[in-house]
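User: I would like to learn how to read structural features from a model. Can you take me through one, starting from a single residue and working outwards?

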Amino acid sequence: MKHLFAVLGLMLSATAVAQTAAESLTGLLDQNRNIEGEFRQMTNNEQGETVQNSEGVFLLAAPNRFVWDTVTPFPQRIISDGEWVTIWDVDLEQATRKPFSGSVGNSPAALLGESAEDVLTHYEVKTLAENTYQLSPKEQEDLFDTLTLSFDNKKISAMSIKDVLGQTTIIEFANIETHNGVSESNFVVKLPDSVDVMFEQ
């Protein structure tokens, strides 16, 4: 009987820690829904070799609106108006449009766009270190195994994503500023007539 109580106590303690981690992360994410700044992204393969580097700027505005502008090495714009996400490969003159809901709604990009209280229901959350959290998807169909978020002075500083193929993408954020709202024109996509547009559901 004493052993049973001990096991139950450990289970309740673990649940309390998980709830505390999720609650703490919720507060931090909700403070990072209206921000803008710069990013540097690096992707490593399963052997740890760097296979891709990119840099650019970003803008986030609640709810569900963002602009992710990759400047180097190839220009690419990813824009969400809250309903549709447009991925525009500028040099290739190609663009893809798909609904924000569905797979995009459960993706890492949504973590900084949607309400954290809603999004975090898709993940198991644990604290790795002070202001560093690891998320593991509950749904098997997700495209990544773990996602790690780090914060500095309550602002997001890094995001690390390990996908199901063993690749790890590290995103470092810099020069982050908060805003109280931006013009809706930032999220209106105006594609040149020469761009081929594909629609996905």
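Analyst: Start with Phe173. Leaving aside neighbours within four places in sequence, Phe173 is in contact with Glu38, Phe39, Phe58, Trp68, Ile156, Ser157, Ala158 and Met159. Contact here means heavy atoms within 4.5 Å. Keep two things in mind. This is a predicted model, where local features need pLDDT of at least 70, side-chain atom pairs count only at pLDDT 80 or more, and totals for chains, interfaces and linings use all residues. Residues are numbered from 1 along each chain as its sequence is written, and side-chain values use heavy atoms, with hydrogens and water left out.

User: How do I read a nonpolar core, and which residues of the largest one touch the most other members?

Analyst: In soluble globular proteins, nonpolar side chains tend to be buried together. A nonpolar core is a set of buried Ala, Val, Leu, Ile, Met, Phe, Trp, Tyr and Cys residues joined through side-chain atoms within 4.5 Å. Buried means under 20% relative accessible area, exposed over 50%, and partly exposed in between, with a 1.4 Å probe and protein chains only. The largest core here has 32 residues; Leu25, Leu135, Leu149, Ile156, Met159 and Phe173 touch the most other members. Another core, of five residues, lies apart from it, with Leu59, Val67, Ile79 and Phe187 among them.

User: What about aromatic pairs? How many does the structure hold?

Analyst: Rings of Phe, Tyr and Trp (its six-membered ring) pair if their centres lie within 6.5 Å; planes under 30 degrees apart count as stacked, over 60 as edge-to-face and the rest as tilted. The structure holds seven such pairs. Trp68 and Phe173 make an edge-to-face one, 6.2 Å centre to centre with 80 degrees between the planes. Trp68 lies in strand S3 (residues 65–72) and Phe173 in strand S11, so this pair ties together parts that are 105 residues apart in sequence. Strands (E, at least two residues) are DSSP runs, numbered from the N terminus. Trp68 counts as buried at 16% relative accessibility, and Phe173 does at 10%. For a stacked case, take Tyr123 and Phe144: ring centres 6.0 Å apart, planes at 20 degrees. That pair links distant parts of the chain, with Tyr123 in strand S7 (residues 123–129) and Phe144 in strand S9 (residues 144–152), 21 residues apart. Both Tyr123 and Phe144 are buried.

User: Which residues form an aromatic cluster?

Analyst: Phe39, Phe58, Trp68 and Phe173 form one. Phe39, Phe58 and Trp68 are also among the contacts of Phe173.

User: Now the sheet. In what order do the strands run?

Analyst: Strands of a sheet pair through backbone hydrogen bonds, either parallel or antiparallel. Two strands count as paired if DSSP finds at least two bridges between them. Here twelve strands form an open sheet, ordered S7-S8-S9-S10-S11-S1-S2-S3-S4-S5-S6-S12, with mixed pairing. S7 and S12 stand at the edges with a single partner strand each, so one side of each is left without a neighbour in the sheet. Neighbouring strands are turned by 20 degrees against each other on average, direction ignored. The axes behind such angles are lines fitted to C-alpha atoms. Phe66 stands opposite Ser80 in S4.

User: Which backbone details deserve a look in the loops?

Analyst: The bond from Ala62 to Pro63 is cis, with omega near 0 degrees; Pro63 lies in the loop between strand S2 (50–61) and S3. The bond from Thr72 to Pro73 is also cis, and Pro73 lies in the loop between S3 and strand S4 (76–81). Asn131 has a positive phi of about 65 degrees although it is not a glycine. Asn131 is partly exposed, at 31%. Asn153 has a positive phi near 55 degrees and is exposed, at 67% relative accessibility.

Conventions:
Helices (H or I, at least four residues) and strands (E, at least two) are DSSP runs, numbered from the N terminus. Axes are lines fitted to C-alpha atoms, for helices over the stretch in contact, and angles run from 0 to 180 degrees between N-to-C directions.
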